[in-house]
Amino acid sequence: MSALLEVSGVSVTFDGFRAINNLSFAIGPQELRAVIGPNGAGKTTFMDIVTGKTRPDEGSVTFGETPRSLLKMSEAQIARAGIGRKFQRPTVFEDQTVSENLMLALKANRAPWRVLFWRETAADRTRVADLAGQVGLGSQLARKAGELSHGQKQWLEIAMLLAQEPRLLLVDEPAAGMSFIEREQTTALLVELAKTRAVVVVEHDMEFIRRLNCKVTVLHEGSVLAEGSLDHVTKNPAVIEVYLGR
Amino acid sequence: MTRSFLARNPSVLWFLLILSAFTLVVTLLAEGFGLGLIPTAFVKVLGKTLCLCLVALAMDLIWGYTGILSLGHMAFFALGGYMLGMWLMYARTEEIVVQSLAGSPIPATPDEVAQGVATQIFGVVGASELPVVWSFAHSAWLQLPLVLIVPGLFALIFGWLAFRARVNGVYLSILTQAMTLALALYLFQNDSGLRGNNGLSGLQNLPGLGEVPQSTLSISFFLASAALLAAGYVTLAWITAGKFGSALRAIRDDEQRLRFLGYPVEGYKLFVFTLTAMIAAIAGALYYPQAGIINPAELAPIASIYLAVWVAIGGRGRLYGAVIGAAFVSLLSSWFTGGTAPSIPLGFYTIHWVDWWTVLLGLSFVLVTLFAPKGIGGLFDRFAHIGTPERHGADLGPDAGSLQEREAQE
């Protein structure tokens, strides 16, 4: 199986603190993967490296069928190459309507000059309505995003990611602050999405990961401690000691 | 969604109507054209005010919409003025030199004329050679494009360096202040090639139009300023209405998010910075012929801070707010500092407005920031019932900014 994203031998040091230590990670084109680990294990730094926010000191990160290195690309270029990132806190443009938020995210040329002369078409409006419908915001298109509930903002952000049509989705703690029913819906959505693209979910909540029913990567002190099914990794004595034993 | 541009942006139509009515009234009442109720000096003040409104629009685009508090845009305004002023001064001096040489027995050669012009313009700083920067000043066709090119290029280079290094927020504001101060100090030098602290003068005399009285010229400049302000307003309204405007507001509110959506945020900032610098330059090129004189003091850091104050008082993030703020505050300022405002005797102390105006301005800036962050323009929202929800009560969600209790009941 050829990997969509391949991270190999990556290390990052912040002021002498080794946040990521010789980390290697790979994910296929249609795969759901959960990443877990205690605080400070390097989960967020890992996402920062993949999305171009942090530059690793050594190692390589490649993406795509004909692997391209992501290390020389800016955040915006990486996003355009097909990597979408969902932040832990819902980050949507609160002062703009749901529809404007989605229009911004819709896959299109991002160059300033092209955006200046861009005019929305009927197809764009249909696509925005579809996306909003997909996450249950179909009737909220004209509302300002700032007026939405916490869970609705999370979904709006997910819909914005989908609008970009990414091939790899990085999702940071999607279930945080959600009610039980919202979690169920989010799980179903993520499983559905992973049928057509790669999805990496960083999560603390074991119940949530169990329902995702996918391969799990356990991070500890900046490198991979164990990898496999949830049952497999939870039986691993090293994992029990650093993560579950407490 | 398919409605026309004007229907989606009712403020554009209102703005154009009010501006036309105002222009018409002033023209009819002006000394040079109609009833003569408005003296030429005041027509010039009004024309200059319209130019200030135009530069305030540029400031609103970069600060109000994009969230970049540039405190150096008056430098571009003044640069635009300098670029036009060079041609005006050269051409006007050339006329005078040609006239005075016409009496001599042998007709003057072009070299003699050029030498005469150089001596006339630069005698005041003890030089008699035209500096290199004046190479194009003899020709309107060569010099006039520089009104846009020089400030635009300057903004492009400065912005490229600043935005590429991801200088943000207050650091960028300080950097732009340093830029305008450095430029002012440079121009103050006699060997900068722009007549040092003397600046350029006599700009109110247009070459070839020496016979036309100032009362007529002033009204022409007033009309030109109004036309450019209208064009600027429509252009900026069009820019901010579409997806580009949406992207700019997104940069203001969360540029990191926009970057992860694939937008080259730095490119957008650079585009807006350069565009607004060029708009400021056009406004300046029209302002200084009405003022008659330009000198390096115009680039003082305080000028750009005033610009920010106008936009804040008018209401940032809405174009008409910037225009209202610039017009209101600058007219009020010329009234208070012009010595016509009555002093207030308190018995033990008399308030002279010339001294106390800046205190009043500073105080109103603080009060607007505290109690009416949307500025004067925010009053229009009351009429139009565009309310932001009252945010009282505890957050419903775990995050700040979620829907709040009282809103939820509505």
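## Close-up views of a predicted two-chain model

View 1. Arg195(B) is buried, because 24 other C-beta atoms lie within 10 Å, and 20 or more count as buried. The model shown here and in every view below is predicted. Arg195(B) belongs to the loop between α8 (169-188) and β1 (200-201) of chain B. Its phi is near 65°, a positive value in a residue other than glycine.

**View 2. An exposed asparagine in a loop of chain A.** Asn213(A) also has a positive phi, near 55°, and is a residue other than glycine. Look for Asn213(A) in the loop between α8 (206-212) and β9 of chain A. Is Asn213(A) buried or exposed? Asn213(A) is exposed, because 12 other C-beta atoms lie within 10 Å, and 12 or fewer count as exposed.

**View 3. The six-stranded sheet of chain A.** The sheet is open, and its strands follow the order β6-β7-β8-β3-β9-β10. Their pairing is mixed. Which strands stand at the edges? They are β6 (83-86) and β10 (223-228) of chain A. Each has a single partner strand, so one side of each is left without a neighbour in the sheet. Neighbouring strands are turned by 20° against each other on average, direction ignored.

View 4. Strand β3 (residues 32-36) of chain A pairs with β9 (residues 215-220) of chain A. The pairing is parallel and runs over four bridges. Within this pair, Ile36(A) stands opposite Val218(A) of β9(A). Helix α7 (residues 180-193) of chain A packs on the sheet and touches β3, β7 and β8 of chain A. The direction of α7 makes about 145° with that of β8(A). Another helix, α1 (residues 43-51) of chain A, lies across β3, β6, β7 (168-172), β8 (198-202) and β9 of chain A. Helix α1 runs at about 150° to β7(A).

**View 5. Two domains of chain A.** The domain assignment gives domain 1 as 1-82 + 166-246 and domain 2 as 95-164. Their centres, taken over C-alpha atoms, are separated by 26 Å. Where the domains touch, 10 residues of domain 1 of chain A are in contact with seven residues of domain 2 of chain A. Which elements give two or more residues to the domain 1 side? They are α2 (75-81) and α7 of chain A. By residue type, the domain 1 side divides into six nonpolar, two polar and two charged.

**View 6. Where chain B touches chain A.** Here 31 residues of chain B are in contact with 30 residues of chain A. On the chain B side, α10 (243-260) and α11 (265-291) each supply at least two residues. The largest share, 11 residues, comes from α10(B). The chain B side includes 16 nonpolar, seven polar and eight charged residues.

**View 7. Two crossing helices in chain B.** Helix α3 (residues 40-65) and helix α12 (residues 301-314) of chain B have axes that come within 9 Å. The axes cross at roughly 80°. Angles of 65 to 115 degrees count as roughly perpendicular, so α3(B) and α12(B) are roughly perpendicular to each other. Which residues meet? From α3(B) come Val55(B), Ala56(B), Met59(B), Asp60(B), Trp63(B) and Gly64(B). From α12(B) come Leu307(B), Ala308(B), Trp310(B) and Val311(B). The residues of this contact divide into eight nonpolar, one polar and one charged.

Methods. Residues numbered from 1 in each chain as written. Chains lettered and ligands numbered in written order. Predicted model: local features only at pLDDT ≥ 70, side-chain atom pairs only at ≥ 80, totals over all residues. Pairing = 2+ DSSP bridges. Axes fitted to C-alpha atoms, helices over the stretch in contact; angles between N-to-C directions. Contact = placed C-beta atoms within 7 Å. Nonpolar A, V, L, I, M, F, W, Y, C, P; charged D, E, K, R; others polar. Domains from an automatic or database assignment. Parallel < 35°, antiparallel > 145°, perpendicular 65-115°, else oblique.
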